[in-house]
Amino acid sequence: MPSQILPVTHHHRGTEAAAMLIKAEIERDDPTTSLLISSEYEDVEKAITNIKPVLSRTSSYNNNNITSPNDSPGLGNCYQQRRRRSASDNSLSSLSGSNGSGAASSAGGSRRHSFSKDVGRAAAETFLVTRLSFKLLRYLGVGYRWIVRFLALGCYSLLLLPGFIQVGCHYFFSSQVRRGIVYGDQPRNRLDLYFPKSSDGPKPVVAFITGGAWIIGYKAWGSLLGQQLSERDIIVACIDYRNFPQGTIKDMVKDASQGISFVCNNISEYGGDPDRIYLMGQSAGAHIAACTLLEQAIKETGEGESTTWSVSQIRAYFGLSGGYNLFDLVDHFHSRGLYRSIFLSIMDGEESLRQYSPEVLVQDPNTRHAVSLLPPIILFHGTADYSIPADASKNFANTLQRVGVRAESILYEGKTHTDLFLQDPMRGGKDDMFEDIVAIIHADDQEARAKDAVAPPRRRLVPEFMLKLARSISPF
């Protein structure tokens, strides 16, 4: 069958050889190997893989008392609602009660021990991802384009540093953040939980898959979103997953599915409402989450398929600046530096593009029953996004509507790929996309909507001139 990908006349030097080498490494038979490029990283790998899980995975789910997304009459007409932030600057309340000074001292020691372990693990994983990224760039050949992009990325990060420092302090020192909860047996199978200050009653939950071009994704990238949604009485679970070249798209989808399963089956133990779980992904994470959701629906319609969670447990899916048709994006990514041969290696080869293109897959007559199981899907995108054009969300939403799925695309005029996820949240005050998401989640909760209506505006994290300058030099 002829390929749906247009031929590319310009190939970057060395990319084909790099792709073959990386692919060969990925296909090694040793299932315990998590580093796929060079044995020089074995010490780092061992340091990570020797960390034993402290929580076991749940291998089954209960279908009883699961509320269908279609039973939410307020979901369809709430997209235009605008709310404001509900939080106070009062001191943080503890997530657990104290049983005396001895227990408090023990808890403090335990927290310090946990913090040290988490910092060590985060440092090891960051070192690992950085070394793998530079190794990959060496295979690609670092030319003028990559040098310029790295310089731009460094300047961009420096300009946003005041915000990153504040978010990092909350991530590492707030008692409302639970880091590194193990959900599987792979080195990256961990998630972070962000809790609201109030613990009165079960809270709605967002399971979030962060972006990172399938190469540099990390659960901590969702810390700003987690912090701000938790201020609106929403629990956020930021799910980590293996990146390329530790794994390919098949591994990423598998990890995401295991993380979602953990949330669906265990979130009630953390104060979450299992009947109000929302799935969200950003950029590459939006693609991974959409693939995971559709794959799960297909499994549920198959005979003899074993599943540990159900799409009926997801109230809605939010896709932020995602791409859903790889045939339309492969040449676009190539022109922006994610070269075709490397991208195809990430996606398990050209023959797998259809399987991991949700927009294409939902049109297959064989998936019609699976598609009918999908929850409402809302796609958010900026019209000035050059990393992934806004047409990716518009076309996917239109396709979903044609096959009978409740879907909508919400576009934000003049917003770039990073505006929606970084600059706007750091600007403080009113943030249209954030308010739209909160309005959907709180659509059927009158008390939460009342709190949103009187919430103070969010605090600014970065001066305006630095945000504007960062936007102008952003490599994304």
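Cys155 is partly exposed, with a relative accessible area of 41%, whereas Cys264 counts as buried at 6%. Here buried means under 20% relative accessible area, exposed means over 50%, and partly exposed lies in between, using a 1.4 Å probe and protein chains only. The count of disulfides comes to zero, a disulfide being a pair of cysteine sulfur atoms within 2.5 Å.

A word on the model: it is predicted, so local features need pLDDT of at least 70 and side-chain atom pairs count only at pLDDT 80 or more, while totals for chains, interfaces and linings use all residues. Residues are numbered from 1 along each chain as its sequence is written, and side-chain values use heavy atoms, with hydrogens and water left out.

Now to the aromatic rings. Rings of Phe, Tyr and Trp (its six-membered ring) pair if their centres lie within 6.5 Å; planes under 30 degrees apart count as stacked, over 60 as edge-to-face and the rest as tilted. The count comes to eleven aromatic pairs, including these two:

| Pair | Centre to centre | Angle between planes | Type |
|---|---|---|---|
| Phe208 and Phe421 | 5.9 Å | 20° | stacked |
| Trp214 and Phe333 | 5.7 Å | 70° | edge-to-face |

Phe208 lies in strand E3 (residues 203–209) and Phe421 in helix H14 (residues 419–427), so their pair ties together parts that are 213 residues apart in sequence. Helices (H or I, at least four residues) and strands (E, at least two) are DSSP runs, numbered from the N terminus. Both Phe208 and Phe421 are buried.

The other pair also links distant parts of the chain: Trp214 is in the loop between E3 and helix H6 (223–230), and Phe333 is in helix H9 (residues 326–335), 119 residues away. Trp214 and Phe333 are buried too. Elsewhere, Tyr278, Phe318, Phe380 and Tyr412 form one aromatic cluster.

Leu158, Leu161, Phe164 and Ile165 make a nonpolar patch of about 360 Å². Such patches join nonpolar side chains (Val, Leu, Ile, Met, Phe, Trp, Tyr) within 5 Å, or like charges within 9 Å, from residues with over 30% relative accessible area and no salt bridge. A salt bridge is a side-chain nitrogen of Lys or Arg within 4 Å of a carboxyl oxygen of Asp or Glu. Accessible areas come from the Shrake-Rupley method with a 1.4 Å probe, and for residues only the protein chains shown count as cover. Helix H5 (residues 161–173) gives the largest share of the nonpolar patch, three residues. Phe164 is found in helix H5 and counts as partly exposed at 31% relative accessibility.
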